[in-house]
Amino acid sequence: MNNPKVHAILGDIHKMLATYGTSDFLNASHYPGMPKSIRLALRALSREADSTLNVIGLRKSSSSRDQRGFPRTERRRILELLRRSPYFENTRTLAAFARDMGIKINVNPKDGREKIGNRIAGSIEKLPDNSRNRILDSLASPRDTQTQGWIDVIKSSAH
Amino acid sequence: MHQNEGFNVLLVDLDPQFNATQYVMDYQSFQDHRKNAGTIADLLLDPPRLDLRLKKVRNNPSAALHAIQSENGKKFDLLPADLSLAWIVKNPAQMDYRLEKLLDKIRPNYDYVFIDCAPTDSVLTTMALTASEYLVIPMRPDRFSILGFANLTETIKTFRNNCPDPNEVKVIGVVFTQVTGNSDVEQQSMVEIEAAAKKEQIYVFESSLKYSNSFIRSVRDQTPIFQTLYAHRKSKTAAGKIADELKARITALSKAPKPGKGKNRE
């Protein structure tokens with residue numbers, strides 16, 4: 001295909017990937033009022049920016065996939081979203097989040113936030129696209145964190 | 001009262017749903033406050049183990065207060081609540097006078113103390129009535145409010161019959177809220193409530209709070225409506241007019257002769 005517009009689009013995308021990093025695209029996807037389709041596109045660019053780092057050898061891991069064959073980047077990205085969300089406040093809010101999303105995970109009394117968050121991220125990663133995107137939307141959406149924060153306070157008080 | 005008149009005001013949240021607390025505090029500040037200073041539930045309940053934080057608060061209840069605003073040396077504080085207040089409703093024994101005793105330690109620092117109660121009759125309502133000198137009834141003009149008004153008047157009668165000093169709580173009156181002003185059904189409800197109030201010799205405020213989307217938005221923004229840029233002037237000044245009428249009613253009621261002394265509690 002020799003469409004000049006296609007070349008121009010691809011050129012602009014590569015320029016963006018060369019200029020901005022993973023977190024830049026992720027932050028842009030958090031912008032208030034962002035249409036869902038654009039948010040998903042920005043997250044895809046964020047993933048691409050991360051795999052670009054992989055290509056030029058900045059990642060320590062020699063394998064881009066974990067033992068289950070999933071790209072390591074996806075789970076880390078989900079974990080990063082979790083860390084930034086109000087649900088990462090403590091282990092109880094994390095467990096409540098998993099419960100609300102219908103995600104079953106084992107939580108041992110001595111488990112810390114990182115361990116539980118990692119398990120949740122792993123479970124989200126394996127979900128079908130629709131379910132995964134719905135959950136990622138709720139993690140990344142910047143709408144009214146106060147309301148969500150208060151809901152989490154109430155839930156953690158009730159248990 | 002604080003904003004317009006510069007009074008020292010304390011808002012006591014006595015509702016297990018703790019909406020008043022959620023309105024004036026962000027959830028992060030609340031979590032820090034609950035962890036370090038406690039809530040009204042910590043002051044009223046007897047925990048199985050009194051840790052150092054609770055010892056400090058029990059000895060000095062002012063430590064549990066959250067400063068909402070302070071201007072020219074005048075303060076507007078909150079005694080926050082949380083969900084654990086529901087425990088008192090489930091375990092009401094020997095609770096009636098606890099709030100009064102608690103507030104006796106704090107109230108000298110304030111010109112006005114407002115206690116926000118749930119609209120249901122429970123030990124919390126009894127505690128609030130016991131601790132109060134006046135009662136004001138905010139009410140939406142609808143059918144459920146008419147029924148709720150009947151419940152409330154019975155609650156007040158029961159309280160007065162059981163209370164050692166029946167003159168303690170004076171009803172300031174009913175103030176209508178969320179009035180749209182464009183519904184026959186609403187107008188009819190207001191007429192019915194006014195008739196019921198008249199029968200019980202309860203005053204109905206001339207000022208009311210008109211319905212406004214700005215109220216909903218200001219709750220979301222956790223900002224008093226008169227401090228927002230988007231609210232209509234009439235919405236902003238409505239609360240001030242109600243406050244003026246409230247003060248006038250308190251003045252009138254405090255001058256009214258007492259019908260007769262009741263039994264002493266001691």
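A: Buried means under 20% relative accessible area, exposed means over 50%, and partly exposed lies in between (1.4 Å probe, protein chains only). B:Thr177 has 15% relative accessibility, so B:Thr177 counts as buried.

This is a predicted model, in which local features need pLDDT of at least 70, side-chain atom pairs count only at pLDDT 80 or more, and totals for chains, interfaces and linings use all residues. Residues are numbered from 1 along each chain as its sequence is written, chains are lettered from A and ligands numbered from 1 in the order written, and side-chain values use heavy atoms, without hydrogens and water.

Start with the chain as a whole. Chain B has 266 residues, and 42% of them count as buried. Its secondary structure comes to twelve helices and six strands. These are DSSP runs numbered from the N terminus: helices are H or I with at least four residues, strands are E with at least two. Take the contacts in chain B with a separation of 6 or more: 75% of them join residues 24 or more positions apart. Contact means heavy atoms within 4.5 Å.

Now the core. A nonpolar core is a set of buried Ala, Val, Leu, Ile, Met, Phe, Trp, Tyr and Cys residues joined through side-chain atoms within 4.5 Å. The largest one holds 35 residues. B:Ile40, B:Leu85 and B:Ile88 touch the most other members. Chain A contributes two or more residues through helix H8 (145–158). On the chain B side, two or more residues each come from strand S1 (9–14), helix H3 (27–36), helix H4 (40–44), strand S3 (74–79), helix H7 (98–106) and helix H8 (123–131). H8(B) gives the most, with five residues.

Leaving out residues up to four places away in sequence, B:Ile88 touches B:Leu44, B:Leu45, B:Met95, B:Val123, B:Leu124 and B:Met127. Apart from this core lies another, of 20 residues, among them A:Leu26, A:Phe97, A:Ile103 and A:Ile124.

B:Arg107 sits in the loop between H7 and strand S4 (112–117). Its relative accessibility is 25%, so B:Arg107 counts as partly exposed. Beyond four places in sequence, B:Arg107 is in contact with B:Glu100, B:Val113 and B:Ala131.

Setting aside neighbours within four places, B:Thr177 is in contact with B:Pro138, B:Met139, B:Arg140, B:Pro141 and B:Leu209.

Last, confidence. pLDDT is the predictor's confidence in each residue, from 0 to 100. Chain B has a mean of 84, and 91% of its residues reach 70 or more. For chain A the mean is 75, with 78% of residues at 70 or more. Within chain A, helix H6 (113–125) is highest at 91, and helix H3 (36–55) lowest at a mean of 73.

Two stretches need care. pLDDT stays under 50 over residues 260–266 of chain B and over residues 52–62 of chain A. Where pLDDT is low, the predicted coordinates should not be read in detail. The model scores ipTM 0.75 and pTM 0.65.
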